[in-house]
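Please look at the sequence and the model before reading on.

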Amino acid sequence: VGKIPPVVIQTWEDRRFGKNHLREMAKLRDLNPALSFVLWDREQRLAYMRERWGAHPIFPIYQQALFGPMKTDIFRYCLMADRGGFYFDISKGCTVPLRTLCEPDAEALITFEPHTSPIPCPAAVAPHLRHPDKLLLQWGFGFAPGHPIPLRTIANICAAYPRYQGKVFAFPKDAIRELTGPIMFTQSVHDVYAQGPLTGVTQAGIDFNGHGVFALKGSN
């Protein structure tokens, strides 16, 4: 049994999906019969965040986030840090079973975007990453409970938040990518690797070795 719990976490605002999208979601489930799939809606996310993280500085950031993607970013890091498992955005997929992407005893499954990272990878960290010039992808990953990568991401969001609070951005998407999205996740992975060697992490190339599906049919 792997150290990453056999569950795939997904989230959406409610529980209604178009039939084409639902059919594609079912394919991911059928490919992974050994994993249980759990869908969290908006109310369940908030209840969990309040109960488990209510006393943590991340909770008011979650509550005050103006954009849904920020809330789901924060939720995925918190749930992974707390319980572990695999996480996949509701609009994404993978054409191979998730367990085949990582070592049986892996403590983390991460992969890279095809896009060049706007933040430089520290020289000491670069040799330890398969694609140090790329952004880390955060629409899909897997972690054992208590893993340092999601924990560091949560801490970094809390530290960076005052720079974003109350500011108006011409392009909110850019700010989201920096504060809670792939830029912050990439920075956090760099930070963890900078502290010393990290064992048990499977780096599945770019887009899960080319098996990731960026947009399921009907998910738009």
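By class, how many nonpolar, polar and charged residues does the lining of the largest pocket have? The lining has 11 nonpolar, 10 polar and 10 charged residues; Ala, Val, Leu, Ile, Met, Phe, Trp, Tyr, Cys and Pro count as nonpolar, Asp, Glu, Lys and Arg as charged, and the others, Gly among them, as polar. The model is predicted, with pLDDT of at least 70 needed for local features and 80 or more for side-chain atom pairs, while totals for chains, interfaces and linings use all residues. Residues are numbered from 1 along each chain as its sequence is written, and side-chain values use heavy atoms, leaving out hydrogens and water.

**Largest pocket**

- The volume of the largest pocket is about 910 Å³, where a volume is the space filled by probe spheres set on grid points joined across faces, edges and corners.
- A pocket is an open set of points on a 1 Å grid over the protein atoms alone, where a 1.4 Å probe fits, with protein on both sides within 12 Å along at least five of seven lines; lining residues have an atom within 4 Å of a point.
- The lining of the largest pocket comprises 31 residues, and Pro-69, Arg-76, Asp-89, Ser-91 and Lys-92 lie nearest the centre.
- At least two lining residues come from each of α4 (68-82), β5 (108-116) and α6 (172-179); helices (H or I, at least four residues) and strands (E, at least two) are DSSP runs, numbered from the N terminus.
- The element that gives the most to this lining is α4, with five residues.

**Second largest pocket**

- The second largest pocket holds about 310 Å³ of space.
- Its lining is made of 15 residues, with Leu-66, Phe-67, Met-70, Tyr-164 and Lys-167 nearest the centre.
- α6 supplies the largest share of the lining of the second largest pocket, four residues.
- This lining divides into 11 nonpolar, three polar and one charged residues.

**α2 with α4**

- The axes of α2 (residues 42-53) and α4 come within 11 Å and cross at roughly 50 degrees; axes are lines fitted to C-alpha atoms, for helices over the stretch in contact, and angles run from 0 to 180 degrees between N-to-C directions.
- α2 and α4 are therefore oblique to each other; angles under 35 degrees count as roughly parallel, over 145 as roughly antiparallel, 65 to 115 as roughly perpendicular and the rest as oblique.
- The contact (heavy atoms within 4.5 Å) involves residues including Arg-45, Tyr-48 and Trp-53 of α2 and Lys-71, Phe-75 and Asp-82 of α4.
- Eight nonpolar, one polar and four charged residues make up the contact of α2 with α4.

**α5 with α7**

- α5 (residues 148-160) packs against α7 (residues 182-194) at an angle of about 120 degrees, and their axes are 9 Å apart.
- The pair α5 and α7 is therefore oblique.
- Among the residues in contact are Pro-148, Arg-152 and Ile-157 of α5 and Phe-185, Val-189 and Asp-191 of α7.
- By class, the contact of α5 with α7 has eight nonpolar, four polar and two charged residues.

**α6 with α7**

- α6 and α7 have axes 4 Å apart and pack at an angle of about 20 degrees.
- α6 is therefore roughly parallel to α7.
- On the α6 side Arg-177, Glu-178 and Leu-179 meet Pro-182, Ile-183 and Met-184 of α7.
- The contact of α6 with α7 has four nonpolar, no polar and two charged residues.
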